[in-house]
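Dear colleague,

Please find below the structure that I am handing over to you, with its sequence. My findings follow it, arranged by topic.

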Amino acid sequence: MSTPLPGFEDIGRLRRTDARRGAHSLDGARELGGADRPGGAGGLGGREGREPGRSAAAAAELAGRTRREVGPGAVHLPHWLSPAEQRELVSACRDWARGPVPIRHTRLPRGGVMSVQTVCIGWHWQPYAYRRTADDVNGARVAEFPDWMVRLGRRALVDAYQDASAGDDYTPDTALINFYDSAAKLGMHQDREERSSAPVVSLSIGDSCVFRFGNTETRTRPYTDIELASGDLFVFGGPSRFAYHGVPKVYPGTGDPATGLTAGRLNITMRVTGLT
Ligand SMILES: O=C(O)CCC(=O)C(=O)O
């Protein structure tokens, strides 16, 4: 290949940095779900994992960004992930971007190529179906969906819906991990290949973006534009589960390199496929 894929250079740089530091720490990753730590099991928010001296709520309020219900069942929780959690997720995503199925620009059936780069875990999404193997990439089976991610998804629902039991029946089994360089966009679409109406949990790290959240009938207005920044959680379930949504713009240079992502934006959407 003569030209590196846009954004891939950055992921390559991150890989080398990571290699110097050593492999992704599973112990650290487990902390994301909170359940393996004393007092962390399914607690409301699992805030014990946050860095000393930092209150996520205080930081969000300082920035004038607080919990917002964008539609019925659609909730934006700014600054939900702590800096340590963001670093762990970047590290885990970097590992998944290497393989067994490498991150790539998805090819669409009509010949187009998505500007976003994607790698999947649990199930591989290929337009427009889920499979265990990445038949449009290298034929390999995708990485397992880890238990700590299930716990993270459950905690996200508890916090977003402010209901201690909201995550009880939630067992996400796939995640699409999207990497956006400064030019990448995602058109308005519905997440509808899942045979389940369980909520989608979306986590953002790195550069901020405009996230457009619309309605269930049409790709066009009415919609709401929200800025998703590093650490933000967005959940859409209930009557909003099949709302059209997209990312029309990324703001380059707005992320904090302390997350481990020196450029671009990572987005992780956890879903329940309803497949066996
Ligand atoms: O990047 C985002 O915030 C949204 C991702 C998304 O819509 C998707 O993966 O279907």
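**Overall composition**

Of the 276 residues of the protein, 43% count as buried. Please note that this is a predicted model. The secondary structure comprises five helices and 14 strands. Among contacts between residues at least 6 apart in sequence, 74% join residues at least 24 apart.

**The eight-stranded sheet**

Eight strands form an open sheet with antiparallel pairing, in the order β1-β2-β12-β9-β14-β7-β4-β3. Its edge strands are β1 (68-71) and β3, each of which pairs on one side only. From one strand to the next, the twist averages 30°.

At one end of this order, β1 and β2 pair in the antiparallel sense over three bridges. Within that pairing, the bridge partner of Glu69 is Val75 in β2.

Strand β9 has pairings with two strands that may be described in turn. With strand β12 (residues 233-236), β9 forms an antiparallel pairing over four bridges, and Ser202 stands opposite Phe234 in β12. With β14, the antiparallel pairing of β9 extends over six bridges, and here Ile205 stands opposite Leu266 in β14. Seven of the seven residues of β9 are buried, so this strand is largely enclosed by the rest of the structure.

Helix α5 lies across β2, β7, β9, β12 and β14, and runs at about 80° to β12.

**The four-stranded sheet**

A further open sheet consists of four strands in the order β8-β13-β10-β11, again with antiparallel pairing. Since β8 (186-189) and β11 (224-228) stand at the edges with a single partner strand each, one side of each is left without a neighbour in the sheet. Neighbouring strands of this sheet are turned by 25° against each other on average, direction ignored.

Strand β10 (residues 209-213) pairs with β11 in the antiparallel sense over five bridges. In β11, Thr224 is the bridge partner of Phe213. The loop between β10 and β11 contains Pro222, and a cis peptide bond joins Arg221 to this proline, with omega at about 5°.

**The surroundings of the ligand**

Which residues are found around the ligand? They are Leu176, Asn178, Leu186, Asp191, Ser202, Ser204, Phe211, Leu228, His245, Val247, Asn267 and Thr269. The elements that give two or more residues to this shell are β7 (174-180), β9 (200-206), β13 (245-250) and β14 (265-271). By class, the shell divides into five nonpolar residues, six polar residues and one charged residue. Ser202, which belongs to the shell, is also the residue that stands opposite Phe234 in β12.

Helix α4 (residues 83-98) has 16 residues. From its first C-alpha to its last, α4 reaches 23 Å, close to the 22 Å expected at 1.5 Å a residue. Its buried residues are Glu85, Gln86, Glu88, Leu89, Val90, Ser91, Ala92, Cys93, Arg94, Trp96 and Ala97.

The helix is followed by Gly99, whose phi is positive, near 160°. A cis peptide bond then joins Gly99 and Pro100, with omega at about 15°. Pro100 is placed in the loop between α4 and β3 (104-107).

**Two residues with positive phi**

His79 has a positive phi of about 55° and lies in the loop between β2 (74-77) and α4. Gln162 has a positive phi of about 50°, and its place is in the loop between α5 (147-161) and β7.

Are these residues buried or exposed? His79 has 23 other C-beta atoms within 10 Å; the threshold for a buried residue is 20 or more, so His79 counts as buried. Gln162 has 12 other C-beta atoms within 10 Å; a residue is exposed at 12 or fewer, so Gln162 counts as exposed.

Yours sincerely

Technical notes: Residues numbered from 1 in each chain as written. Predicted model: local features only at pLDDT ≥ 70, side-chain atom pairs only at ≥ 80, totals over all residues. Near = placed C-beta within 6 Å. Nonpolar A, V, L, I, M, F, W, Y, C, P; charged D, E, K, R; others polar. Expected span 1.5 Å × (residues − 1). Pairing = 2+ DSSP bridges. Axes fitted to C-alpha atoms, helices over the stretch in contact; angles between N-to-C directions. Contact = placed C-beta atoms within 7 Å.
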